[in-house]
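Dear colleague,

Please find the structure below, handed over for your study. My notes on it follow.

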Amino acid sequence: MSLNPIRPWRNIERRKSRQIMVGRVPVGGDAPISVQTMTNTDTSDVRATLDQIIRAADVGADIVRVSTPDEASTRALREICRESPVPIVADIHFHYRRAIEAAEAGAACLRINPGNIGDAARVREVIKAAKDHGCSIRIGVNAGSLEKHLLEKYGEPCPDAMVESGLDHIRILQDNDFHEFKISVKASDVFLAAAAYQQLADATDAPIHLGITEAGGLVSGTVKSAIGLGNLLWMGIGDTIRVSLSADPVEEVKVGFEILKSLGLRTRGVQIISCPSCARQGFDVIKTVELLEKRLEHIKTPMSLSIIGCVVNGPGEALMTDIGFTGGGAGNGMVYLAGKQDHKMSNDQMVDHIVSLVEERASAIQAAEAAAAE
């Protein structure tokens, strides 16, 4: 739960779920909501896949999923899992042997639909491999691949059909005494996904993996994901998220973190509060923010920074941020530290100066945390 006694209207009471482990990352319970992405390289290309995983981890990915459609992929998975800085989820669709091979190769989690794996004997083999190698399982229900009998029963993909599919798969795992699982009920339709997830949240205490599947490109997919995931997270539903974009996986991680940061559910790096700019601006706000976003990507310490073009809202926003800059006149602006006016700075030097201030504050925070830990 995020608790704010001063501003109770900002509180989010998270749904109570049991906790599982995906490698060393806890999912569910009171663990932070983790951010995932998925590689789009050929998994058999170990170097390309690892490079993409490392880039995603650098911007905050807690878990990365890779597709393992063939034996070449599961062979490569052993080195990928060994060298990856974050736990790896192996994406399995139909072939039970790929799931067993992925578990043996070191995958932290298997993404499967137990009902698609084959007969009961094959399901038991997969579950045994997961148990033997310490794998968790994600049950991945998707509106686009529901079982034929459910489509015949309900006529179309709908929340009832998706949740019934998920509960059927849960039952298969539980009947085999396997409980280290999480579940998703994804759809590309925001309304369908949101309704299915709400119904699922009431039906099970399993950790929930949130996603709006096949959301679209960087802009359209970000909007759909922010609406769908944001509303569910605001309701307290969701233990781990993946933003599905037709874009670089790094962008998925960034968007996922921004969604969580906007709700106060995760903090990482610099949160920039900036105005859209107008004729009152004392400097080029848009260009400045673009530069600062790039220059401050390396900062992982949580911090707030306001960049406002004029004095109409600038001082008020600066009161609420760690560092602020408000446009003024004659080529100068005002720098705020901890909400208070501190000194003036010329517009042509402001970017370098603000980067220095942020880096200094990050170092001070890290030193204080290290001292407190000792």
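In which helix is the place of L218? L218 belongs to helix 9, residues 218–234; helices (H or I, at least four residues) and strands (E, at least two) are DSSP runs, numbered from the N terminus.

Before reading further, please note that this is a predicted model, in which local features need pLDDT of at least 70 and side-chain atom pairs count only at pLDDT 80 or more, while totals for chains, interfaces and linings use all residues. Residues are numbered from 1 along each chain as its sequence is written, and side-chain values use heavy atoms, with hydrogens and water left out.

An open sheet is formed by five strands in the order 11-12-13-14-15, with mixed pairing; two strands pair if DSSP finds at least two bridges between them. Strand 11 (270–274) and strand 15 (340–346) are at the edges with a single partner strand each, so one side of each has no neighbour in the sheet. Within the sheet, strand 13 (residues 323–327) and strand 14 (residues 332–337) pair in the antiparallel sense over five bridges. G327 has G333, in strand 14, as its bridge partner.

**Salt bridges**

The structure holds 19 salt bridges, each defined as a side-chain nitrogen of Lys or Arg within 4 Å of a carboxyl oxygen of Asp or Glu. One of them joins the side chains of R55 and D248 (3.2 Å, N to O). R55 lies in helix 1 (residues 46–58) and D248 in the loop between strand 10 (240–242) and helix 10 (249–262), so this pair ties together parts that are 193 residues apart in sequence.

A salt bridge also links the side chains of R65 and D91 (2.7 Å, N to O). Because R65 is in strand 4 (residues 63–67) and D91 in strand 5 (residues 88–91), the pair ties together parts that are 26 residues apart in sequence. Are these two residues buried or exposed? Both R65 and D91 are buried, where buried means under 20% relative accessible area, exposed over 50%, and partly exposed in between (1.4 Å probe, protein chains only).

In R361 and D322, the closest N and O atoms of the salt bridge are 3.2 Å apart. R361 is in helix 13 (residues 350–373) and D322 in the loop between helix 12 (314–319) and strand 13, 39 residues apart. R361 is partly exposed, at 34% relative accessible area, and D322 is partly exposed at 22%.

Yours sincerely
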